[in-house]
Structure formats: C-alpha cells, structure tokens
There are 2 protein chains.
Amino acid sequence: MARPKTTPRTVDNPSVAEVTLQQLLEAVADPVRRSVIAQLATAGHDISCGAFDLPVSRSTATHHFNVLREAGIIHQHYQGTTKMNSLRPDDLDARFPGLIQAIIDSCVRENDQVTEVR
Amino acid sequence: MARPKTTPRTVDNPSVAEVTLQQLLEAVADPVRRSVIAQLATAGHDISCGAFDLPVSRSTATHHFNVLREAGIIHQHYQGTTKMNSLRPDDLDARFPGLIQAIIDSCVRENDQVTEVR
DNA sequence: CCGCTCCTTCGACGCCCGTCGTAGTATGAC
DNA sequence: GTCATACTACGACGGGCGTCGAAGGAGCGG
C-alpha cells in the first residue's frame with residue numbers, strides 16, 4: 001500500500017552482534033570469497049562489485065558479496081548505480097579476537113602465491 | 001599385491017607443508033569438528049575417539065577426525081585399539097600466523113556458550 | 001523518453017559433503 | 001581359540017551450496 005514501485009538502493013550491513021562464528025567461517029571457506037578479501041586488503045581502498053577479478057559470473061559474484069556482507073566481513077554502500085565494497089573495520093574483533101585479522105592476512109598471502117606463480 | 005592381510009594400526013599425520021588454507025578453513029567450517037577442537041582445548045589432555053561428546057554416529061565421527069588430521073589441526077596415534085587425539089602443537093602457525101590459535105579460542109568460546117545455555 | 005550500465009532476483013541444475021548402517025579388521029582379555 | 005571392544009571402510013542417500021543464464025529494477029546521461 002502506497003509502497004513506491006521503486007525501492008531506493010540501500011544496503012543493510014548487519015550489526016556485529018548478529019554474526020555467528022559459523023557464518024564467518026563458512027564465508028571464508030570459499031576460495032572466490034577469499035579472493036575478494038585478498039583484493040580488498042591489497043588495494044587498500046574501496047572496490048566496486050564489477051571491478052573485482054573473479055572467475056565467476058556476475059550473478060554468482062553478487063551471491064558471494066551477500067555472504068561476505070552478512071558475515072560482517074565487508075561493508076557495502078551504493079554510489080549511484082555502483083555498489084562499493086570495503087573491508088569492514090574490525091569491530092568483529094570484539095567477538096572473535098584476532099580471528100578476522102589472521103584470516104585476512106592468510107588470504108592476502110594465498111593470493112600473492114597465486115599471482116606470483118603466473 | 002603381497003600386501004599383508006593385517007596392517008598394523010598406524011596413523012600418518014601430514015606435515016605442515018602439505019596443508020592448504022582451503023583445507024584448514026573447510027575443516028573448521030563444520031560445527032561438529034569445531035566441537036572436537038573445543039573439547040580438546042578445554043580438556044588439556046589427549047582424548048580417545050570414543051570419549052568425545054558428539055551428536056553423530058561413530059562412522060561419521062571417524063570421518064571428521066580424518067578431516068581434522070589431514071588439515072593439520074589434530075594429531076592422532078594409536079594406543080592399543082584406542083586412538084588418541086590431541087591438538088597439534090602449533091607448527092601450523094608458521095604457515096598461517098595467528099590463525100590456528102584464534103580459531104581454537106573462538107571454538108572454545110562457542111562451546112562454552114552452548115553449555116552455559118543448558 | 002530512451003538507452004546504457006550495474007547490479008539483483010529468480011529458477012534450475014549438478015555436485016559435493018555430511019550422514020548413516022553394515023560389515024570388517026586390529027588389539028586385548030579370558 | 002573365543003569373545004569383546006574400538007575404530008575403520010564402504011556404499012548409499014539426501015540436502016545444501018555454488019554455478020549459470022535470463023529477465024528485471026535503479027540510476028545516469030542524452
């Protein structure tokens with residue numbers, strides 16, 4: 001009712017308290033998602049969804065971004081039609097001390113190895 | 001094959017170099033396996049396969065122990081017909097700095113929460 | 001209004017993993 | 001030797017997740 005036909009583009013990033021260890025570890029268990037983490041950590045600035053180098057289709061990529069966001073690993077926000085991604089400030093560290101950082105570090109190393117073999 | 005009918009009961013625990021990040025994270029993404037980790041960390045001593053409190057059948061438990069061992073997280077050795085399990089000394093720390101310990105800590109906390117709700 | 005770009009949603013599909021029960025092997029006690 | 005115990009190996013099954021393509025909404029620029 002009186003709902004606008006068009007919904008504005010917003011993203012709701014979950015609060016830290018809503019994230020479970022299960023979610024976090026599942027999110028990180030997928031190589032594509034780890035690649036996203038590595039690219040974000042290496043770049044040091046926000047990256048749009050389309051600008052990632054990923055071996056999957058756009059729709060699959062969207063899925064992975066959702067998983068990462070719901071796990072509290074990345075933060076997303078719209079900027080026009082473009083969706084920007086950044087590693088979330090490590091407030092997750094309060095719930096899982098040291099875990100996020102250790103994971104990010106491992107992801108970066110893993111990614112470096114891959115690119116260095118090429 | 002001239003393979004002896006009876007193979008003595010030995011376990012080969014993989015070397016650290018053979019473990020991949022993928023293996024480690026997959027291993028840790030399962031709640032049953034995290035429970036094993038938590039119980040080992042809390043106990044502080046070796047635990048036999050049969051002495052764990054797990055919500056799955058014995059054969060399934062065996063499967064999980066294999067995954068944990070191949071991921072370099074636990075060490076197994078026979079003692080008669082009993083197979084003992086221990087958390088592996090953190091030589092994995094060289095490959096994935098801080099990761100194992102952060103995971104173990106999170107597993108313990110997670111387990112504590114569960115038991116404290118009861 | 002039109003078209004273009006980005007990203008999302010939906011349904012479908014295939015495969016892998018966790019699960020089980022059964023049957024089997026190794027060890028130790030009697 | 002016989003029996004009991006502890007764990008393993010194997011085959012089967014079901015559900016979930018990653019994957020895709022097609023179709024569609026949101027914003028931007030003419």
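In chain A, strands β2(A) and β3 (residues 82-87) run antiparallel to each other and are joined over 6 bridges; strands are DSSP runs of E with at least two residues, helices are runs of H or I with at least four, and both are numbered from the N terminus. Two strands are taken to pair if DSSP finds at least two bridges between them. The model described here is a predicted one, in which local features need pLDDT of at least 70 and side-chain atom pairs count only at pLDDT 80 or more, while totals for chains, interfaces and linings use all residues. Residues are numbered from 1 along each chain as its sequence is written, and chains are lettered from A and ligands numbered from 1 in the order in which they are written.

Within this pairing, A:H77 is found opposite A:M84 of β3(A).

A helix pair can be followed in chain B. The axes of α2 (residues 31-43) and α3 (residues 58-70) of chain B come within 10 Å and cross at roughly 70°. This makes α2(B) roughly perpendicular to α3(B), a label given to angles of 65 to 115 degrees, whereas those under 35 count as roughly parallel, those over 145 as roughly antiparallel and the rest as oblique. From α2(B) the contact draws on B:V32, B:R33 and B:V36, and from α3(B) on B:H64, B:V67 and B:L68; contact requires C-beta atoms, placed from the backbone, to lie within 7 Å.

Turning to the two chains together, 16 residues of chain A are in contact with 16 residues of chain B. On the side of chain A that touches chain B, α5(A) gives the most, with 6 residues. Chain A can be laid on chain B by a turn of 180° and a shift of 0.0 Å along the axis, with an RMSD of 0.0 Å, the superposition being by least squares on C-alpha atoms of residues with pLDDT of at least 70 in both copies. That is the relation of a two-fold axis.

Technical notes
Axes are lines fitted to C-alpha atoms, for helices over the stretch in contact, and angles run from 0 to 180 degrees between N-to-C directions.
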